[in-house]
Amino acid sequence: MSRDDGDDGNSAYGRSRFKRSKAHFSDRITADGRDGWPVEAGRYRLVVSRACPWASRSLVSRRLLGLEDALSLAVADPVQDDRSWRFTLDEDGLDPVLGIRYLSEAYDRRETDYPGGVSVPAIVDVPSGKLVTNDYQQLTLDLATEWTALHRQGAPDLYPDKLRDEIDEVMADVYEDVNNGVYRAGFATGQEEYETACAGVFRRLELLADRLERQRYLVGDTITEADIRLFTTLVRFDAVYHGHFKCNRWKLTENRVLWGYVRDLYQTPGFGDTVDFDHIKRHYYQVHTGINPTRIVPLGPDLSGWLTPHHREELGGRPFGDGTPPGPVRAEERVPAAHTS
């Protein structure tokens, strides 16, 4: 997530037509190092915001695959300022590994006067302090397929070769209409633009609900990358997209299938334990001042339902396939318990 090209900072959100910027830094970290960045334990640092759905994909993938020892984690303040994501959650406002106050410093070390905004997720090369990639679409696929030598024993196959065509097709529809669709609706500057985007969101959600009525997961009988990408939008839906982005034809809690599906994932180790509703709400309501100039963060919605029974196991499926769930969350990466009101 980043500011778009040519804006005036946080106040511009909702004042100009929304356009999702492509990742400018698309180098890949691979097993053979063909882009100059070989997979290497301890060399790289993943920078995220727990508020950002695009970054949250990498949080889920990293935990499911057991890459905590191999790929260290930096968590940015959910309320960025006009100089980008900042490390004010850390002592003295400095990332303890990279020694920088703003993620933009790693971008500048890679390339000065680069086009586009400063976005997360980002992977930084620790020895040089340079940004390696901000390619949110490819990053998690590479964690699943290029980092296999460093996966934990029992890690699931999140991008199985025999299902990739179907996974790619599902992810493309989810990206266009749901992941990106909520932003097109929320940042729309005209009624027709908003209505078109909002209608597209709910049309796709209804199609996904039809699909998930019959099967526990989006593709196959195990969790895949497709589920991760849908989850990170659905988990934010009632908290921010329904009200703040005006995607309010119905709440997720009012759709039996999708509400059951997202609760099933939330209660699966590696998903809900990476979610910080406080960070999510404060980011959207306090950063997007073009939409919410008062910066007031709403008290709701009630979060107590996330741990209620979902009964999705009745559809069968094996969350981790032939693998096993990840272990307990490390104390230093544990998300504070969310308030239920």
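A salt bridge is defined here as a side-chain nitrogen of Lys or Arg within 4 Å of a carboxyl oxygen of Asp or Glu. Side chains of opposite charge can pair when their charged atoms come close. The structure is a predicted model, in which local features need pLDDT of at least 70 and side-chain atom pairs count only at pLDDT 80 or more, while totals for chains, interfaces and linings use all residues. Residues are numbered from 1 along each chain as its sequence is written, and side-chain values use heavy atoms, with hydrogens and water left out.

The model contains 26 salt bridges. One of them joins the side chains of Arg43 and Glu40, at 3.7 Å from N to O. Burial was assigned from relative accessible area (buried under 20%, exposed over 50%, partly exposed in between; 1.4 Å probe, protein chains only). Arg43, at 18% relative accessibility, counts as buried. Glu40, at 38%, is partly exposed. A salt bridge of 4.0 Å, N to O, links the side chains of Arg63 and Glu68. Here Arg63 is buried at 8% relative accessibility, and Glu68 is buried at 15%.

Arg318 also forms a salt bridge, with Asp221; the closest N and O atoms are 3.8 Å apart. Arg318 lies in the segment after α9 and Asp221 in the loop between α6 (191-214) and α7, so this pair ties together parts that are 97 residues apart in sequence. Helices (H or I, at least four residues) and strands (E, at least two) are DSSP runs, numbered from the N terminus. Arg318 is partly exposed at 37% relative accessibility, as is Asp221 at 41%. Salt bridges also link Arg28, Asp32, Arg34, Asp142 and Glu146 in a network.

Aromatic pairs number 23. Rings of Phe, Tyr and Trp (its six-membered ring) pair if their centres lie within 6.5 Å; planes under 30 degrees apart count as stacked, over 60 as edge-to-face and the rest as tilted. The ring centres of Tyr44 and Trp147 are 6.2 Å apart and the planes stand at 65 degrees, so this pair is edge-to-face. Tyr44 belongs to strand β1 (residues 44-48) and Trp147 to the loop between α3 (136-145) and α4 (164-179), so the contact ties together parts 103 residues apart in sequence. Tyr44 and Trp147 are buried.

Phe245 and Tyr284 also pair edge-to-face, because their ring centres are 5.7 Å apart and their planes are at 80 degrees. Phe245 lies in the loop between α7 (225-241) and α8 (256-266), and Tyr284 in helix α9 (residues 277-287), so the pair ties together parts 39 residues apart in sequence. Both residues are buried. Phe245 and Tyr284 are part of a cluster linked by ring pairs, whose members include Trp54, Tyr136, Phe237 and Trp250.

His288 is located in the segment after α9. This residue is buried, at 1% relative accessibility. Its side chain makes a polar contact of 3.0 Å with that of His244. A polar contact is a pair of N or O atoms within 3.5 Å; within protein, one must be able to donate a hydrogen and the other to accept it, and residues adjacent in sequence count only if both atoms are side-chain atoms.

Beyond its neighbours within four places in sequence, Phe237 is in contact (heavy atoms within 4.5 Å) with residues including Val182, Phe202, Leu205 and Trp250.
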